[in-house]
Amino acid sequence: LSSAEGGGATTEEAPVEDAVEVDETREGLVASMRSALGDAVVGTHVAPGRETWVRVGLSAWQEAGLVARDQLGCAFFDFLSAIDWLPSPFGRDMDSQEDLIVHGGPDRQADEMATGVAGGDARFQLLARVHNPAAGYGLVLKADLGDDLKADSWVPVYAGADWHEREAWEMFGITFVGHPHLRHLYLPGEFEGHPLRKDFPLLSRRVKPWPGIVDVEPMPGEEDEGTEGEDAEA
Amino acid sequence: MTVAERQQRAYVAAQAADARVNVELETGGMTLNLGPQHPATHGTLRIVVRLDGEQVVEAEPICGYMHRGYEKLCEVRTYPQVTTLINRIDWLGSFANEVPFILAAEQLMEVEAPPRAQWIRTVLFEMSRIANISLFLGDMGAQLGAITPVFFAFRDRERVLNLIESTTGGRFHPNYDRIGGLKDDLPAGWIEDAKGVMGRMRDFCDEMEDLLMGNEIFEARTRGIGVIPSDVALSYGLSGANLRASGVDWDLRRDQPVGLPYDQLDWKVWTHPDGDSFARFWVRLQEVREATRIVDQLLDGLPSGPIMAKVPRIIKVPAGEAYVETENPLGAMGYYVVSKGDLVPFRVKIRSASFNNISIVPWVMKGVYVPDVITILASLYFILGDIDR
């Protein structure tokens with residue numbers, strides 16, 4: 001498998017210009033992940049010439065990191081974080097004044113929870129990216145978290161995951177099993193709550209709405225052409 | 001055996017000899033606190049080091065004194081407003097912070113900036129690099145007790161800042177990049193001024209080289225100190241000059257020129273095999289030189305045309321996810337933008353270079369001497385805003 005991947009790595013120049021429809025390098029990445037992890041790969045997405053997403057089962061999270069590092073040559077650890085897919089329960093309060101004007105006030109229906117690229121079926125999703133510097137491609141890995149918000153630590157795979165997991169732990173409340181010392185990185189030790197969760201209120205916005213409307217400035221070269229119905233397009 | 005290797009071995013042998021002495025003298029167990037306010041830590045980074053004699057047993061950086069929660073704040077700002085926030089991440093190279101975010105938003109909107117905007121973007125991107133790293137070159141000297149370089153650096157960085165100010169209106173926070181282009185075109189006469197300043201910055205690099213390289217104290221304090229092998233650097237996610245100083249030939253400008261015209265220019269990526277403090281300084285020095293050449297080429301070939309693509313007045317970004325990473329002054333900086341088709345991003349994950357670059361401190365500080373803590377920190381080169389976000 002690794003030799004086949006080496007062949008794929010040499011075609012690094014190909015994706016950018018020509019292969020708009022099919023990106024062989026990145027499709028090859030997905031295929032390698034599938035053959036290495038089997039059914040643990042639950043969702044994939046390729047943006048040709050840009051990015052590759054692979055969603056794995058939570059139990060295969062650490063394994064996926066090992067495969068990416070050892071078989072796909074993604075030795076460079078980019079980042080590890082999480083996404084909270086819950087639509088903001090504060091609705092309009094969290095929107096800007098511009099948003100209020102465009103949508104016409106409080107009657108906008110509440111969003112359904114929707115997950116993004118490569119799918120998902122849980123509120124919290126792990127998000128990590130690794131990169132192969134020699135071949136010039138990266139790989140975004142995702143995994144749905146269970147209700148207990150526990151995942152295997154990546155510290156044994158990528159040493160740099162240490163601080164990123166500490167950040168995800170305090171910001172989202174995700175426990176990384178096997179992390180040597182999960183403790184606060186940014187927040188003071190007595191801080192309660194997990195600020196990057198969608199149901200954690202941003203107090204300054206609750207108290208006073210953002211006066212964003214004053215920021216709308218005309219685009220350069222737009223003055224003489226008028227708006228030409230661009231607002232409707234927006 | 002190269003000079004550097006011989007010096008490294010001599011250093012290791014000296015450390016081993018000292019360690020034996022320390023065992024006899026029972027010198028373990030002192031804890032020293034550096035910071036959060038310390039002249040040698042640009043900003044409020046606190047480092048707690050546990051010492052055995054003069055050697056560091058354990059170093060623990062403590063950050064968060066400047067945490068501003070930009071990832072949360074981005075969720076309540078419209079896309080054009082986000083650039084105001086992210087200007088303040090790496091405050092010495094502010095314009096460079098805007099570029100990857102704007103590129104990510106453009107990618108989601110399927111908008112491409114006109115060629116002239118892309119070229120001017122790249123000019124300012126490289127100028128941020130010059131302004132940022134020239135200060136590093138001076139500061140590195142200051143950390144070693146050489147005062148002159150830092151004055152030279154502040155003097156000459158001012159020329160670059162003046163250029164940035166004269167076109168963007170802001171010395172530190174330009175807020176000049178827009179989805180689909182730029183706020184304004186260059187003012188009249190700017191190109192000639194810029195070329196003059198670029199020549200001056202090349203002279204500045206020569207001055208720095210004269211002042212520091214070959215200086216006995218500088219060499220002794222940086223050669224073989226804080227060696228980071230390439231595999232460790234990669235697994236910690238070190239990027240930029242820190243990674244290239246460990247011999248990894250990887251530069252996003254060359255290898256992933258997303259929306260920036262680096263592939264049309266003639267320039268070189270500098271690497272150094274040693275991975276020590278000296279290598280990190282040397283690579284950055286070459287990078288400033290190279291950046292001035294890039295700017296010269298960009299200014300010579302600046303295409304004419306509009307500076308703004310057609311974008312709606314109120315920007316709504318279609319649902320989707322995009323990650324764009326660029327080679328910023330401090331290293332690879334990227335924004336993972338999740339959009340749900342709203343005026344505001346649903347989630348923005350900011351991947352800042354210094355965060356990863358400093359997370360290696362506990363590893364690299366093991367076993368070094370106390371004065372080297374300062375030089376290694378300086379050579380890793382971080383901006384607090386880039387760690388704490």
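Hi everyone, let me start with the interface: chain A and chain B bury about 5600 Å² between them, 57% of it on carbon and sulfur atoms. Buried area here is the accessible area, with a 1.4 Å probe, that two parts lose on being put together, summed over both.

A word on conventions. This is a predicted model, so local features need pLDDT of at least 70 and side-chain atom pairs count only at pLDDT 80 or more, while totals for chains, interfaces and linings use all residues. Residues are numbered from 1 along each chain as its sequence is written, chains are lettered from A and ligands numbered from 1 in the order in which they are written, and side-chain values use heavy atoms, with hydrogens and water left out.

Back to the interface. Chain A brings 69 residues to the contact and chain B brings 56, where contact means heavy atoms within 4.5 Å. Between the two chains there are nine salt bridges, each being a side-chain nitrogen of Lys or Arg within 4 Å of a carboxyl oxygen of Asp or Glu. There are also 18 residue pairs in polar contact between chain A and chain B, both residues at pLDDT 80 or more. A polar contact is a pair of N or O atoms within 3.5 Å; within protein, one must be able to donate a hydrogen and the other to accept it, and residues adjacent in sequence count only if both atoms are side-chain atoms.

Which element gives the largest share of the side of chain A that touches chain B? That is strand 3 of chain A, with nine residues. Helices (H or I, at least four residues) and strands (E, at least two) are DSSP runs, numbered from the N terminus. For one salt bridge you can look up, take B:Lys349 and A:Glu167, whose side chains meet at 3.6 Å, N to O.

Within chain B, the backbone oxygen of B:Gly237 lies 3.1 Å from a polar atom of the B:Arg351 side chain. Setting aside residues up to four places away in sequence, B:Arg351 touches residues including A:Phe76, A:Phe77, A:Phe79, B:Tyr323 and B:Glu325.

Now over to strand 2 (residues 51–56) of chain A. Six of its six residues are buried, so this strand is largely enclosed by the rest of the structure. In a regular strand the side chains alternate between the two faces of the sheet. Here A:Glu51, A:Trp53 and A:Arg55 are buried on one side, and A:Thr52, A:Val54 and A:Val56 on the other.

Strand 2 of chain A has antiparallel strand 1 (residues 41–47) joined to it by six bridges, and it pairs in the parallel sense with strand 5 (residues 137–144) of chain A over four bridges. Pairing requires that DSSP finds at least two bridges between two strands. A:Val54 is the bridge partner of A:Thr44 and stands opposite A:Leu141 in strand 5. The hairpin of strands 1 and 2 of chain A has three residues between the strands, and A:Gly49 there takes a positive phi near 75°.

Most residues other than glycine have a negative phi, and most peptide bonds are trans. Two residues to check, then. A:Leu149 has a positive phi of about 50° although it is not a glycine; A:Leu149 lies in the loop between strand 5 and strand 6 (150–152) of chain A and is buried, at 8% relative accessible area. B:Arg389 also has a positive phi of about 50° without being a glycine; B:Arg389 follows helix 16 (384–388) of chain B and counts as buried at 2%.

Last stop, the packing. The largest nonpolar core has 96 residues, and B:Phe101, B:Met127, B:Leu137 and B:Tyr335 have the most contacts inside it. Such a core is a set of buried Ala, Val, Leu, Ile, Met, Phe, Trp, Tyr and Cys residues joined through side-chain atoms within 4.5 Å. Its largest share, 14 residues, comes from helix 5 (residues 115–143) of chain B. Another core, of 84 residues, lies apart from it, with A:Val41, A:Trp61, B:Ile360 and B:Leu377 among its members. Thanks, all!

Terms used
Buried means under 20% relative accessible area, exposed over 50%, partly exposed in between (1.4 Å probe, protein chains only).
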